[in-house]
Amino acid sequence: MARQKAQPSDPGPDPAPVSLWERLERPAPAPRTTLTPQKIAAAGIRIADTEGIDAVTMRRLATELGVAPMAAYRYVSGKSDLLDLMTDAVYADLKPADDIENWRDVLRTGALRNREIVLRHPWLIQISSPQVLRALTPNRIAAAERALSSLDGLGLDIDAMMAVVGTVNCYVHGAVSAECAHYLLMQEEGWTTNDDLRTAFAPQMRYLMDTGRYPTYHRYLHDGIHKDDPLWRFETGLDSVLDGIATRMGI
């Protein structure tokens, strides 16, 4: 009688992946260099701010830090982890002051600071959407927690609270993305003022307005006084969003 072939034992489910943040909080052996997660993040941010996000590579990072190419892998497993680390570092400034308690003030202050952060580091907009959604970093979650907690106790369920926070975040992302695109276009074309931009688009705009099909837009071009004031436009839109939330949610 033939002997039955022994079946391999079931190894069980694969272990859950360990996040970057869990790895960084674990006690580490004595480092052989002075490299730290903070230094790695700061170097990556310097590269992205001056050379663009595409210039951020592990090899370029090593050159900026003056270390061996493999040294940073002690802390990050690759560019994806590096971008998460950089994102967390720049959002450290997002936390509102502790003395701000009213939900509207918390969300408004957070939105304004978010805009300032992205304008200082426009590569945040350039990071692909999957990376943004996956960048669940301590500082970003802390900002979300602060926003959510400001809405707690106002009679909203947790889903409505998250919808309010998400709505404000979507407004900020859309408005600041458009602002960054405006500045990027001017940089690429070598324009230094908005008058340069208007001159470049004057032939197209003149033709469109001369058709007489857009009288309200034409009035804005002639009578609008805040065309070159992006902060006014941002705050006006933000306050409109917050007014709508207050009315819809009764808070």
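**Helix packing and the second largest pocket**

Helix 10 gives the most to the lining of the second largest pocket, supplying eight residues. The structure is a predicted model. The volume of this second largest pocket is about 740 Å³. Its lining comprises 24 residues, and those closest to the pocket centre are Leu197, Arg198, Tyr220, Leu221 and Lys227. Four helices each supply at least two residues of the lining: helix 9 (158-189), helix 10 (194-210), helix 11 (215-223) and helix 12. By class, the lining of the second largest pocket holds 14 nonpolar, four polar and six charged residues.

Two of the helices that line the pocket, helix 9 and helix 10, also pack against each other. Their axes come within 11 Å and cross at roughly 75 degrees. Angles of 65 to 115 degrees count as roughly perpendicular. Helix 9 and helix 10 are therefore roughly perpendicular to each other. On the helix 9 side, the contact is made by His182, Leu185 and Met186. Helix 10 contributes Asn194, Leu197 and Phe201. This contact of helix 9 with helix 10 has four nonpolar and two polar residues, and no charged ones.

Helix 12 (residues 230-249), another contributor to the pocket lining, packs with helix 5 (residues 103-120) at an angle of about 150 degrees. The two axes lie 11 Å apart. That angle makes helix 5 roughly antiparallel to helix 12, since angles over 145 degrees count as such. The crossing of helix 5 with helix 12 is right-handed. From helix 5, the contact draws on Trp103, Arg104, Leu107, Arg108, Ala111, Leu112 and Arg115. From helix 12, the partners are Pro230, Leu231, Phe234, Glu235, Leu238, Asp239, Leu242, Asp243, Ile245 and Ala246. The contact of helix 5 with helix 12 consists of 11 nonpolar and six charged residues, with no polar ones.

Helix 5 also packs with helix 8 (residues 138-151), at an angle of about 160 degrees and with the axes 8 Å apart. Helix 5 and helix 8 are therefore roughly antiparallel to each other. Their crossing is left-handed. Here Trp103, Val106 and Leu107 in helix 5 meet Arg146, Ala147, Ser150 and Leu151 in helix 8. The contact of helix 5 with helix 8 has five nonpolar residues, one polar and one charged. Trp103 and Leu107 of helix 5 meet residues of helix 8 and also take part in the contact with helix 12.

Methods:
Residues numbered from 1 in each chain as written. Predicted model: local features only at pLDDT ≥ 70, side-chain atom pairs only at ≥ 80, totals over all residues. Heavy atoms only, no water. Axes fitted to C-alpha atoms, helices over the stretch in contact; angles between N-to-C directions. Parallel < 35°, antiparallel > 145°, perpendicular 65-115°, else oblique. Left-handed = near helix turned anticlockwise from the far one by under 90°. Contact = heavy atoms within 4.5 Å. Nonpolar A, V, L, I, M, F, W, Y, C, P; charged D, E, K, R; others polar. 1 Å grid on protein atoms, 1.4 Å probe; cavity = no way out; pocket = protein on both sides within 12 Å on 5 of 7 lines; lining within 4 Å. Points joined across faces, edges and corners; volume = space filled by probe spheres on them.
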